[in-house]
Amino acid sequence: MATTNNNTAYKLSKSLHGHSKDVRSVCVLSDGRIVTGSRDHSIRVWDPLNNYSSIELHGHTHFVGTVVSLPPSLLLAERALASGGNDKVICVWEKSAFPRDSSNNNNNNNNNNNNNNNNNNNNNSKKGNEGGAPSLMLLGHNDSVSTLGVTNDGLIISGSWDKTIKVWENGECLTTLSGHEASIWSVIGLQNGNIISASADKTIKIWGKNGKGNYSAIKTLRKHKDCVRGLAIIPDLGFASCSNDGIVFIWTVDGELIQELSGHSSFVYAVINIPNFGFASVGEDRTLRIWKDGENVQTLTHPSGVWDLSYSPNGDIVTGCADGVGYVWTRNEKRFAAQEEVQQYQDNLAAQTIMSDNVGDIKMNELQDVNEALIADGTKDGELKVVKNGKIAEAHQWSVSEGKWIKIGEVVDANAASRNSSKGVLNGREYDYIFDVDVGDGVMYKIGYDLTENPYTVAQDFILKNDLGQEFLDQVAQFIIKNSGQDTMTFEATPNQGDPLTGSSRYIPGSSNNNNNNNNNYSSPSDSFTVPSRYIPDSSNNNNNNNNNNNNNNNNNNNNRDFNIKPTSLIPQATYTLFEQANSESLLVKALEFNEQLSSNPDTKSISLDEDEQEISLLKGILATLKETSRYHSSSFSDNQYKVIFKMLTWPADKVYTILDVIRVMVLHPGASKTFESMVIENRASSRYNLLVILFKIVQESTIMNNQMLALKIFSNMFRHEPLRTLLTQRLFSNPQILESIKSTYQKLTPNSNKSYSTALSTFLLNVSVYSQYNQINTEIVNKYVECMSLVISTESDPDLIMRCICGLGTILMTYKDYRPSGSISTSIKNSISKVTFSDKFTDSVNLLTKLL
């Protein structure tokens, strides 16, 4: 059996701290510099010859999912790098955007004598120097750019979640390759001129060049059993592939399978060729695995899942991790990290939590004591042992290179971790307490609390995250105090509250997983208007055709507004506001409770979920898929699951809210959004499978406010994806009675009595205004929505809620320069906002609206 020894084993060389979120992509440039792309929307270029100092590049408005090193081209002689992101844009960067420090610019790729990285002073954790702008931006994909490659003659290849592959030359798309049935996850260009693509449809396609710029699929490989995530060129042989099925395959250039590498315990995200040695792969199981002669000869565990890896000209390997850190691994002892940095890394590993279902069935009374179990050496690198240390189960892994057992985390009961107890895990973070909270709206919420926190601060974050009224603050805080046994303690009841419009001091679910020692669980104050979430609309919708045929003449005599007025951070709004927070566990409990009631009643048994038909399991499957937001690009729903959705939509009005809340999240899923759109088109005259008809009926006829509120939230979330976004607005604008019904429902409410409904309504109106920037709307329709926003402003007293409509109005008035509301509406708005005390950070936007009126 092949094994590593201390001379061939990889060891930690450097930890690259700087990103605030997952490092999703890495590559190494020809001059040896390292590039990392992150979910924090930034790219960093790290220089090993200058103690890994970094330069930050900002060209994307969404997370950076792929980076690739480029050779020079005729148009851009200094081009060095391309990046792609969820903003659907490809940025091409020249070296001038990230110049190298001249004192170190010797381009010494071997880098054998560089010991600076062992000083362990973590200079690289400081904010990087700001780099230049991209030299070229390639537009054409209709969804996230998920992968980039290069052809044998230097052309850029791109793959997207839109299921297409594009080939680019000097800023122009030469050709588009279609044929895959799901998202493209990886593309490479072989030495013989062929292109290889890997897809979420579980296939690999070989594309042959049959003329200048023309390719056709000449072979489809179907050996993988799940989404194919990564590809790597193997010079003079063929290529490697890896998949969510946990397998790495080695193929000849013609697509003949010649080797299978098995060892990962979960999804394998990326694979590379190690020249004259073997292969390396990374995945969800937190490991970098080194392969030689078909054997897994070394396993290097990371603090979190590993997204990507790249091979350096000097023989090092760079990995990008979900903890927001890039890691450099080397076999050159001159570049080994100092012991202090190694120890810090191992301490970080040991602090991780591992679910028991990842290491097998654990029984504490059968585990060996740590002092006995780890006396003997392991039999191979990566061997795993679970041992008992007091009352704690620990996972230890044998490292051949270190010659010792290394603790890689504490093992937690997978079932107990999800139960509410004195200790628990919520959104990947462990809390001292996890509580179920019912605020009386029929939905059960979960809240995590640590004894070191101020209950009022936690309560404030909780009500903002779940779009609850400020009136719940004291109720939730007192609930936490009482149930955590702190009744005798005194807390400051006016904490520094997060702001729902700016995102300042606002907890972002999931950010607690970024174990990069910055404890940055809050979004940047500059990330304006982020409640409940932000989505950057694609520029392809900017169809402002300037056909202002409907601008009524009676508005033209008031056009004395100064349109040289500078916009503010909130006006105009360029982003859709979404309701993304899900409460899957609570929803499932309530749905099953209602289903039991329906099933036990002979009159309603026929519409209950049938266990014999596995309909309950289908519902659970829907909720499980919706929880895995990072898999939305590759996951899908079955026809039977959609049938369950529409069956539950026939439930009585007092029970249907459970499935409405599921749909609220489901329309954020790209695949579900497209399916719902198709079903609307196919069932224009029927309501059975026409979601819009069902929702419009709810807002026009339902007397239950929860259902009305959820319908508005679904409308807001429908703005995320095309073509459902356009279909929704077409139906809304062609049927003004829908808005009139919404307006009538709102007018029947006692002012300030239903914060949830008012928030849903104001958010929906705001999203319509954002849509109006990119799509010309009839002035008559604009006026109706302006009237509705004016009504909300004059009715509500909550400053944050009113700000949504202020931003919506300001956006419309900045966009439609020839439009102006009637004098009575303008006067009403001015009078209403003059009575409200706004935060200082909103003052400029409030003043701007006043000027625009």
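The legends below go with a set of close-up views of a predicted model.

Residue numbers start at 1 in each chain and follow the sequence as written, and side-chain values rest on heavy atoms, with hydrogens and water left out. Since the model is predicted, local features need pLDDT of at least 70 and side-chain atom pairs count only at pLDDT 80 or more, while totals for chains, interfaces and linings use all residues.

View 1. The average pLDDT (the predictor's confidence in each residue, from 0 to 100) is 80 for the chain, and 79% of the residues score at least 70. Residues 104–123 stay under 50, with 49 contacts (heavy atoms within 4.5 Å) beyond four places in sequence. Residues 414–422 also have a pLDDT below 50, and the model gives this stretch 18 contacts beyond near neighbours in sequence.

**View 2. The open sheet β19-β20-β21-β22.** Four strands line up in that order, with antiparallel pairing. Strands here are DSSP runs of E with at least two residues, helices are runs of H or I with at least four, and both are numbered from the N terminus; two strands pair if DSSP finds at least two bridges between them. β19 (228–234) and β22 (257–262) are at the edges with a single partner strand each, so one side of each has no neighbour in the sheet. Ignoring direction, neighbouring strands are turned by 20 degrees against each other on average; axes are lines fitted to C-alpha atoms, for helices over the stretch in contact, and angles between N-to-C directions run from 0 to 180 degrees.

View 3. β21 (residues 247–252) pairs with β22 over five bridges in the antiparallel sense. Ile-250 has Gln-259 as its bridge partner in β22, and Trp-251 stands opposite Leu-257. Four residues sit between the two strands of the hairpin, and Gly-255 takes a positive phi near 90 degrees.

**View 4. A second open sheet, β23-β24-β25-β26.** This one also has four strands in the order given, and the pairing is antiparallel. β23 (268–274) and β26 (295–301) are the edge strands, each pairing on one side only. Neighbouring strands are turned by 20 degrees on average, again with direction ignored. Inside the sheet, four bridges join β24 (residues 278–283) to β25 (residues 287–292) in an antiparallel run, with Ala-280 standing opposite Ile-290 in β25.

**View 5. The β13 and β14 hairpin.** Antiparallel strands β13 (residues 164–169) and β14 (residues 172–178) are joined by six bridges. Lys-166 finds its bridge partner in Thr-176 of β14. Two residues lie between the strands, and Asn-170 in the turn has a positive phi of about 50 degrees.

**View 6. Helix α8 against helix α11.** The axes of α8 (residues 657–666) and α11 (residues 705–718) come within 9 Å and cross at roughly 15 degrees. That angle makes α8 roughly parallel to α11 (under 35 degrees counts as roughly parallel, over 145 as roughly antiparallel, 65 to 115 as roughly perpendicular and the rest as oblique). The crossing is left-handed, which means the near helix is turned anticlockwise from the far one by less than a right angle. On the α8 side the contact residues are Tyr-657, Leu-660, Asp-661, Ile-663 and Arg-664; they meet Asn-707, Leu-710, Lys-713, Ile-714 and Asn-717 in α11. By class, that contact has five nonpolar, two polar and three charged residues (Ala, Val, Leu, Ile, Met, Phe, Trp, Tyr, Cys and Pro count as nonpolar, Asp, Glu, Lys and Arg as charged, the others, Gly among them, as polar).

**View 7. Helix α13 against helix α15.** Here the axes of α13 (residues 736–748) and α15 (residues 779–795) come within 11 Å and cross at roughly 10 degrees, so α13 is roughly parallel to α15. Residues of α13 in the contact include Pro-736, Leu-739 and Tyr-746, and those of α15 include Tyr-785, Cys-788 and Leu-791. The class tally is seven nonpolar, two polar and four charged residues.

View 8. Most residues other than glycine have a negative phi, and most peptide bonds are trans. Lys-88 has a positive phi near 75 degrees and lies in the loop between β7 (79–85) and β8 (89–94). The peptide bond from Ile-571 to Pro-572 is cis, with omega near 0 degrees, and Pro-572 belongs to the loop between β38 (534–535) and β39 (576–577).
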